[in-house]
Amino acid sequence: MVDSQYYLPNDVGISALDCSEAFRLLSPREKMYAHYLSRAAWYGGLAVLLQTSPESANIFVLLQRIFRKQTPAQLEKDATAAGLSSEEYQAFLVYAAGLYANMGNYKSFGDTKFIPNLPKYKLEALVKASQAFQEQPTEMKALWDSCSCLIYSLEKRQKQLGLGDKGITTYFSGNCSLEDAELAQKFLDSKKLSAYNTRLFKRENGGKACYEVRLASAEQKGQNCSTLATAFAANENQRKMLEEYQRSFTLGSIEAHKEGSRYWIKDKSPIVESYIGFIESYRDPFGSRGEFEGFVAIVNKAMSERFANLVSSAEVLLPELPWPQDFEKDTFLKPDFTSLDVLTFAGSGIPAGINIPNYDDIRQSEGFKNVSLGNVLAVAYATQKEKLTFLEEDDKDMFIQWKGPSFDVQVGLHELLGHGSGKLFVQDDNGEFNFDQTKVINPESKQLVSSWYHGSETWDSKFTTIASSYEECRAECVGLYLCLNKQVLSIFGNEGQQADDVIYVNWLSMVRGGLLGLEFYTPESQSWRQAHMQARFVILRVLLEVGEGLVGLKEVTGQDGKPDIRITLDRSKISTVGKDAIHRFLCKLQVFKSTADVAGGRALYEGYSTVSDGGSHDFLRLRETVLLRKEARKMFVQANTKIKGDQMPIVAMLEDDEDVMRRFGSMYVLGRDCAALRIIRSVLFNHDSAVQKCKD
C-alpha cells in the first residue's frame, strides 16, 4: 500500500483561472503584447522540468507524444481495450494533469513526489496501446524505459526534494553535500557572482574535488517571443526591459536581468503586467538558486484602487511596526501595487501575491512592485463546509464568509509592508556604511549593532537554508500585526462588526494554517518541505507559547470514529495577548535580519520550527491526524492565446478538449491545459530536441 500523500486523488479539485473578460477589454496592441509574452513564459517554463528531477523532462515528453496523437477520449478507448478500468484511466489523467500543473513529478507546494495511482503494468499497457507507440514503437519504448522506474520509485531519498541524503535535487549533482554548497557560495560571493541562475556539479579530477558552475543561457536563433513582444510594447521602459531580459537569457547574465528589473520597476501601472526569469529560491535546498517562472496578467482596476490607497497609507503604517526607526529603510519608495487577473503563469506553481524583484540592493534603494493575483484568490481558497477541517462548527460559517476578504487584507499587508519593509545594514566594498555604526542600538542586546552585511553578501547568501521561510514568516507576522489597524481594514471596505470578523478569521486562518503545515514536515529527515507552511507553524508555536487561553489545540474523536483536532481562538484576546506576542517575535525577526546575525536568527527560527512529541502538544501525533484528514491541493487551468490568421489573439478553449473539461467539471478556457493534458501546442519537437530545448 502506498501512503496517500504520494499520489493525487481522482477527485482532485480543478479550478479555472478565468480572465476572458479582462483580456477582451484590452486594445489590439495590448493583446499582441500579452500574447507574445505569454509564449515566452511558456517556452521558458520548460526549464522547470530540468530544475525539478532527473526524470521530469522525459515524463513530460512521453505524455506530449501520447496526447499529440490522440485526444483523451480517443485514448480512453485504447486504454479500456488494454484492460484499464475507468477509475484507473482517470488516475492516469490526474497524474498527467499533476505533472503539467507542477511542471514535474514533485508537488510545487510541499516538494513531495507523486506517482500514478494505478499499477505500473497498467500504465505500461496504456502507453503501449497508444497510437504514438504504435507508430513509433522504438522511440516510445526508449522513452518509457528511460523514466518508468523513476516514475514509481519511492525509495527514501526520492520521496521528496532535498540535498544529499535528504532528497533529490537537480540544482546540485547527486554527490554534492551541504558543505559543497557552502563552499560554492563563498566562491561565488568572492567573484561577485549571483547563484540565482546556476546549478552546481561536482566531480573527481586526479583525486581532487572539481566543481562546475553552470549558468542558464541559450544561443539565440532568429526572432524569439520577447523580440516579437517588443514591437508591441507600450513605452520605452517596456522595450528596454525586454531587451535586457533577452541579454540576460542569452548571456546568462544576472546583472542584465537586474537592469531589466530596474526598467520594470519604472514601468508604472501598466495594463498588461509581466515578469520573467529565475525568481524564487524556495526549491533550492540551499536557498540561493531561483526557479524559472514567467507570468502575464491584466490589471483589475477596482481592486487595484484599494491597494493604491494602502500604498498611500504606507508611510503612516510603517512606524507602527515594532522595530526602531533605525531598522527601517531610510526612504519608503512607493511601489506599484496592483490586483491582476492571471493570463499566464508558467512555472511549478501559482502564488496568490508577489513582491519582486528579489534583489536586495534594488529593493533597498530603488524600489519594488507588489501584485495580488485576483483570479487566483477568487478560486484557490474556496472550500465546502463539510471539507473544512479542525474548526469548531460555530466558526465554519464565519470562516467561509470572511476568508476571502480577510485574505485580501493579509496578502496586501504581507506583500507591501511585510516584504517591503525593514532595512539591511551594509558595509560596501569601499568601507562605507548605510547606517551609523557608532549610534544604532540593537534593541535585543541593548548594545551597539556589531554585525552587518559585507560587500556582495545578500540575505539569501547569508541565511541560506532558512532564508525563504524566515522571510515569509516575517511578512505573515506583519500582516497579522497590522490587520488590527482600523485604517487598514477601512481601506478594504471593512467597518464595525465586519472589521472585527475579518480580523478574527485572518488570525484563525493563520492558526489553522500552522496546524495544516505539519503535512509538509518530514520526520525522517527532520526537515520542512514548504517555506510558507513552516512559517505558519512557527507562528502557531509563538501563539501557543504565550498561553493565557489565546489559542488551543484539542485532540478529539471525530464523528467517523477517527482522531480529529479542534482549534480554539479567543477573539477577545487577539488585540492584547496576541498582538503583544507578535510584537515581540516580529521585532526579533527584523533585528536578526537587519544585522546579518545568522546564529541568532537560526537559533530563534529553528527552535520554533521544531516538531516533536514533547511539551504541551505532541506535534508528531497531531501530524498523523493532519495527514489523515488532508485535502489535495487544487490544480489550475489557465487561459491560452492563439492567433487565427490576421486576427488579434483570442482566448479560447481548444475545440477537441471539451470532453476533458467536462470530465473535470470545468467550463472555462485553458492554455497550460493542466486538466486537458496538453501544454502549448506550438511546442512541436521530437524527444531528443525536447530535452535539448529544456536544457537550453
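## Helix packing, cysteines and local backbone in a predicted model

Ser 339 lies in strand 6 (residues 336–346). Strands are DSSP E runs of at least two residues and helices are H or I runs of at least four, numbered from the N terminus. This is a predicted model, in which local features need pLDDT of at least 70, side-chain atom pairs count only at pLDDT 80 or more, and totals for chains, interfaces and linings use all residues. Residues are numbered from 1 along each chain as its sequence is written, and side-chain values use heavy atoms, with hydrogens and water left out.

Ser 339 is buried at 2% relative accessibility. Buried means under 20% relative accessible area, exposed means over 50%, and partly exposed lies in between (1.4 Å probe, protein chains only). Not counting residues up to four places away in sequence, Ser 339 touches Ile 298, Val 299, Asn 300, Met 303, Ser 304, Phe 307, Ser 372 and Gly 374. Contact here means heavy atoms within 4.5 Å.

Pro 335 sits in the loop between helix 15 (314–317) and strand 6. Pro 335 also counts as buried, at 7% relative accessibility. Neighbours within four places aside, Pro 335 is in contact with Val 311, Phe 368, Lys 369, Asn 370 and Leu 416. Its C-alpha atom is separated by 9.7 Å from that of Ser 312, 23 residues apart along the chain.

**Helix 22 and its two partners**

Two packed helices are described by the angle between their axes and the distance between the axes. Axes are lines fitted to C-alpha atoms, for helices over the stretch in contact, and angles run from 0 to 180 degrees between N-to-C directions.

How do helix 19 and helix 22 cross? The axes of helix 19 (residues 459–482) and helix 22 (residues 531–546) come within 8 Å, at roughly 55°. The pair is therefore oblique. Under 35 degrees counts as roughly parallel, over 145 as roughly antiparallel, 65 to 115 as roughly perpendicular, and the rest as oblique. The crossing is right-handed. That label applies if the near helix is turned clockwise from the far one by less than a right angle; anticlockwise is left-handed. Helix 19 contributes Ser 468, Ser 469, Glu 472, Cys 473, Glu 476, Cys 477 and Leu 480 to the contact, and helix 22 contributes Ala 531, His 532, Gln 534, Ala 535, Arg 536, Val 538 and Ile 539. By class, these residues are seven nonpolar, four polar and three charged. Ala, Val, Leu, Ile, Met, Phe, Trp, Tyr, Cys and Pro count as nonpolar, Asp, Glu, Lys and Arg as charged, and the others, Gly among them, as polar.

Helix 22 also packs with helix 23 (residues 574–594), at about 125° and with axes 10 Å apart. So helix 22 is oblique to helix 23. This crossing, too, is right-handed. Val 538, Ile 539, Val 542, Leu 543 and Val 546 of helix 22 meet Val 577, Gly 578, Ala 581, Ile 582, Arg 584 and Phe 585 of helix 23. The contact has nine nonpolar residues, one polar and one charged.

**Cysteines**

A disulfide is a covalent bond between the sulfur atoms of two cysteines. The rule used here is a pair of cysteine sulfur atoms within 2.5 Å. The count is zero. Cys 477 is buried at 0% relative accessibility. For Cys 587 the closest cysteine sulfur is in Cys 477, at 12 Å, again too far. Cys 587 is buried as well, at 8%.

**Loops and backbone**

Gly 547 is found in the loop between helix 22 and strand 13 (551–557). Gly 547 is partly exposed, at 24% relative accessible area.

Most residues other than glycine have a negative phi, and most peptide bonds are trans.

| Residue | Phi | Relative accessibility |
|---|---|---|
| Lys 446 | near 65° | 61%, exposed |
| Glu 548 | near 60° | 55%, exposed |

Lys 446 lies in the loop between strand 9 (426–427) and strand 10 (453–454). A cis peptide bond joins Ile 356 and Pro 357, with omega about 5°. Pro 357 is placed in the loop between strand 7 (353–356) and helix 16 (360–365).
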